[in-house]
Amino acid sequence: MRILSLSQQQGTTTICFSFSMGFNAISLIILTYVFLHFDEVKSDDPKGHLQPLGSHRDPEGSAVELERFPDPQTFYRDYVKHGKPFVVKQGAANIPAFKLWTDDYLREKYGDLDVEVEVGKKETRAGEGKSVSLKMFLDIYKKKDIYMVHDMHKKMRGEFTVPRSMICGGFTRGLQSVVMWFSSGGTKSVLHNDDIDNINCLMEGNKDLFFIDKKYQPLVEQDGWVLNGGYSSLDVEKVDLIKHPGLKDIPWYFTKMTKGDCLFIPKGWYHNVNSYTHTKRNLAINLWFIHIPYFNKTDCDVKTDIPDTEPLSNFEVNDPDASEAEQMRSELLVPFSDKEKITLEDVKEVFNKASPEDINTFITFADQNKDGVMTWEELYSFDPMELLEKAPGIDARFEKDKDDDQSQEPEPEQKSHLVEEELSKVKDPTIELPDVVPAKEEL
């Protein structure tokens, strides 16, 4: 026996042997030695290369665990304002839906409602789905490679609640959407971030989350970041650290959620979500709300007693136009968040890239009593979309250089035929599949 060749490519070592009729005990000893010392064949590849996300180093820790949702002011001051995630253990246990929403209950009470279904549990951001009845989804989801992601129907909101942390202070003004994530487990999200805050409550199953602090944005987004999608193109199960070198030393955090837990994910934090279950049932609800630049203490002062929860049906979930307007207001005003009142000099400093005309237009909109000082009440009184129509340059500082964006959103694959193929296996001739609907992003 003799070694013909030894080669390395992307961390994989290949050894070729030639055997002859003279194979004997000495040959066996040599072969045994080579395999026993196989790991001594060194590679220049970084630790964790072509391994699952997080293999490059041990986690720094996990999200803070709380026994109860904090009061609204503490929530804003300690967690929202500075972007600090936390988990409330069993924070969902008192939500009516936590006990009510069995498959039988959902089938009987809400089975006729339409929901969005996608094929493939590993998120790619390139798929599309189909709208089917909730009853149909419940009949097949434990047998098929599908999952449901859908804005909660208005009829269902009375059985879900808003936690005490959000009941006053301005949080519900920007309540953007409430999304249900439903599968038999085994789903994996891309590494992504969101430009709004959210609270995720787990009704059934388990979730493991990989987190990176938003302060590491330059490292995360330097390679393979899809700017207009807000996610990384890397394969979370086999991370290529040659193509994504910014991740090879980056600190990260690990958080585990179990049934009944609620997790606060701050705006901008990068995360990957893996859902699994021992019961073939994984259901989570996301409360997505626009990041508020200012805590409205007066709004809480008028409430003599803040309950632990209030029904979601008591609040208005914004339509897309209202959400866009409040999101723009948030982006415009976040730089002023440490100030009780805003002066003309503050405005000029923040919007220093805008023209003098656009700055004057902003002041005209915001300084409604013309006293040279803008209160938060005034800043929340004007229409930000109307402002941008008249002063388009005021948001110049938020625009990123499109010429430097080397990773644009890929063209969606037409996966709707896969959905139809899965659903066609269900023997229900009364079901018709409507047109393709766009998929939503995970967590």
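1. Let's start with Lys339: in this predicted model, its relative accessible area is 32%, so Lys339 comes out as partly exposed. Its side chain meets that of Asp346 in a salt bridge, with N and O 3.7 Å apart. Asp346 itself counts as buried, at 12% relative accessibility. With the cut-off for a salt bridge at 4 Å, the pair qualifies.

2. As background, side chains of opposite charge can pair when their charged atoms come close.

3. One to look at is Lys109 with Glu159, where the closest N and O atoms are 2.8 Å apart. This pair ties together distant parts of the chain, 50 residues apart: Lys109 sits in helix α4 (residues 103-110), and Glu159 in the loop between β7 and β8 (161-163). Glu159 is buried at 9% relative accessible area, while Lys109 is partly exposed at 42%.

4. Then there's Lys259 with Glu204, a salt bridge at 3.4 Å, N to O. Again the pair links distant parts of the chain, here 55 residues apart: Lys259 is in the loop between β14 (253-257) and β15 (262-265), and Glu204 is in strand β10 (residues 197-204). Lys259 counts as partly exposed at 37% relative accessibility, whereas Glu204 is buried at 15%. Both also belong to a network of salt bridges that includes Asp103 and Arg281.

5. Have a look at His150 too, in strand β7 (residues 146-151). Is His150 buried or exposed? Its relative accessibility is 11%, and the cut-off for buried is under 20%, so His150 counts as buried. Its side chain reaches the backbone oxygen of Asp114 at 3.4 Å. A polar contact of 3.3 Å also joins the side chains of His150 and His153.

6. For the surface, check the negative patch formed by Glu316, Asp319, Asp321 and Glu324. Glu316 lies in the loop between β18 (309-311) and α8 (320-333). With a relative accessible area of 57%, Glu316 is exposed.

7. Last point: Lys353, in the loop between α9 (344-350) and α10 (356-366). Lys353 is exposed, at 63% relative accessible area. How far apart in space are Lys353 and Ile394, which are 41 residues apart in sequence? C-alpha to C-alpha, Lys353 and Ile394 are 7.9 Å apart.

Terms used: Residues numbered from 1 in each chain as written. Predicted model: local features only at pLDDT ≥ 70, side-chain atom pairs only at ≥ 80, totals over all residues. Heavy atoms only, no water. Patch = residues over 30% accessible without salt bridge, like charges linked within 9 Å, V, L, I, M, F, W, Y side chains within 5 Å. Areas by Shrake-Rupley, 256 points an atom, 1.4 Å probe, with all protein chains shown as cover. Lys, Arg positive; Asp, Glu negative; His and termini not counted. Charge placed at Lys NZ, Arg CZ, Asp CG, Glu CD. Helix = DSSP H or I, 4+ residues; strand = E, 2+ residues; numbered from the N terminus. Buried < 20%, exposed > 50% of the residue type's maximum accessible area, 1.4 Å probe, protein only. Polar contact = N/O pair within 3.5 Å; in protein donor to acceptor, adjacent residues only side chain to side chain.
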